[in-house]
Amino acid sequence: MESVALALPPNVSVAPDLEGISQAAAEFWVRSAGQATGRRGRFTVALAGGSTPGRLYELLGEQPWRSRVDWSKWYVFWGDERLVAPTDPNSNFLLAQEKLLARVSIPAVQIYRAPTELGDPDLAAARYEQVIRDVLGPRAGEVPRFDLILQGLGRDGHTASLFPGFPSLEEQGRLVVGSPPGALPPAVPRVTFTLPLINAARAVVFLAAGVDKAEVLRRVLDGDLALPAARVRPADGRVQWFVDAAAASGLG
Ligand code: 6PG
């Protein structure tokens with residue numbers, strides 16, 4: 001009997017495990033950075049939090065990827081942040097700082113973490129939006145475009161800190177908003193990119209690993225718009241998924 005290949009969408013790349021998806025994502029990322037730097041002289045990127053991207057961050061700072069990157073051209077932001085101090089173990093900034101940023105030579109002035117010390121999510125969001133507009137450049141009346149935005153996928157279908165049913169999901173004007181905590185830990189307020197900013201990106205990369213993501217991944221790829229991750233559809237950019245075999249086990 002012939003074996004039947006799983007019919008996966010072309011933008012979904014499956015690897016056996018977290019190591020495999022981290023390597024594949026590192027390769028994609030380094031190519032995107034090279035392309036952006038070649039075309040526009042810099043690479044603007046927004047990082048994610050959660051547990052999944054840690055290994056990817058480590059790999060980017062190791063060979064063979066490390067020396068293929070012109071780190072001086074990177075401008076680094078976060079697609080969402082928990083309203084905690086940058087030294088808090090729950091900080092998305094801290095994860096990337098420890099795993100990658102402290103090990104490579106990106107100029108410190110080109111690393112833009114969300115100003116959580118302002119203590120108020122809406123205020124921090126408004127300030128962060130202004131920084132993004134200032135750095136990414138004035139395109140009057142247009143939404144700034146990141147070269148790459150990294151996203152995770154929550155078991156409830158959230159992405160960044162856009163949670164199912166929350167008003168932040170419907171935001172059309174602001175590019176960054178404050179949010180109350182979602183259903184999943186840590187139960188702290190957030191600052192999050194909104195869909196207009198995410199969907200203006202040149203590329204959005206999703207990482208998902210583990211069998212607890214299988215059901216939600218299937219629904220997202222089926223286009224269940226109740227799930228925030230399914231509403232990530234860049235108008236003039238691409239979405240690329242890197243998922244491990246366990247997360248992909250509900251597909252096909
Ligand atoms: C956050 C994240 C969030 C995360 C998902 C997946 O600040 O919590 O940015 O959107 O990416 O919850 O998290 P895991 O990688 O831990 O599953």
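1. Cavity. E81, V84, A85, P86, S91, F93, R113, A114 and T116 line the largest cavity. A cavity is a set of points on a 1 Å grid over the protein atoms alone where a 1.4 Å probe fits but cannot get out; lining residues have an atom within 4 Å of a point. The space inside is about 30 Å³, where a volume is the space filled by probe spheres set on grid points joined across faces, edges and corners. The structure holds one cavity of 30 Å³ or more. Its lining has five nonpolar, two polar and two charged residues. Ala, Val, Leu, Ile, Met, Phe, Trp, Tyr, Cys and Pro count as nonpolar, Asp, Glu, Lys and Arg as charged, and the others, Gly among them, as polar.

2. Basis. This is a predicted model, in which local features need pLDDT of at least 70, side-chain atom pairs count only at pLDDT 80 or more, and totals for chains, interfaces and linings use all residues. Residues are numbered from 1 along each chain as its sequence is written, and side-chain values use heavy atoms, with hydrogens and water left out.

3. Largest pocket. A pocket is an open set of points with protein on both sides within 12 Å along at least five of seven lines. The largest pocket holds about 490 Å³ of space. Its lining counts 26 residues, and G50, S51, L153, G154 and H158 are the closest to its centre. Strand 4 and strand 5 (148-151) are the elements that give two or more residues to this lining. Strands (E, at least two residues) and helices (H or I, at least four) are DSSP runs, numbered from the N terminus. By class, the lining divides into 10 nonpolar, 10 polar and six charged residues.

4. Second pocket. The second largest pocket has about 220 Å³ of space. Helix 1 (residues 18-40) gives the most to its lining, with seven residues. The lining includes F28, R31, R39, D147, R202 and R238. Six of the lining residues are charged, three are nonpolar and two are polar.

5. Strands in the order 4-7-6 form an open, antiparallel sheet of three strands. Strand 4 (80-82) and strand 6 (176-179) are the edges, each pairing on one side only. The average twist from one strand to the next is 15°. Two strands pair if DSSP finds at least two bridges between them; strand 4 and strand 7 (residues 190-193) have three.

6. Helix 4 (residues 121-136) lies across strand 6 and strand 7, at about 165° to strand 6. Contact means heavy atoms within 4.5 Å. Axes are lines fitted to C-alpha atoms, for helices over the stretch in contact, and angles run from 0 to 180 degrees between N-to-C directions.

7. Salt bridges. The structure holds 18 salt bridges, each a side-chain nitrogen of Lys or Arg within 4 Å of a carboxyl oxygen of Asp or Glu. One of them joins R55 and E19 at 2.6 Å, N to O. R55 sits in helix 2 (residues 54-60) and E19 in helix 1, so the pair ties together parts that are 36 residues apart in sequence.

8. Backbone points to check. Most residues other than glycine have a negative phi, and most peptide bonds are trans. The bond from Q63 to P64 is cis, with omega near 5°; P64 is in the loop between helix 2 and strand 3 (74-78). P185 and P186 are also joined by a cis bond, with omega about 0°, and P186 is in the loop between strand 6 and strand 7. A160 has a positive phi, near 45°, and lies in the loop between strand 5 and strand 6.
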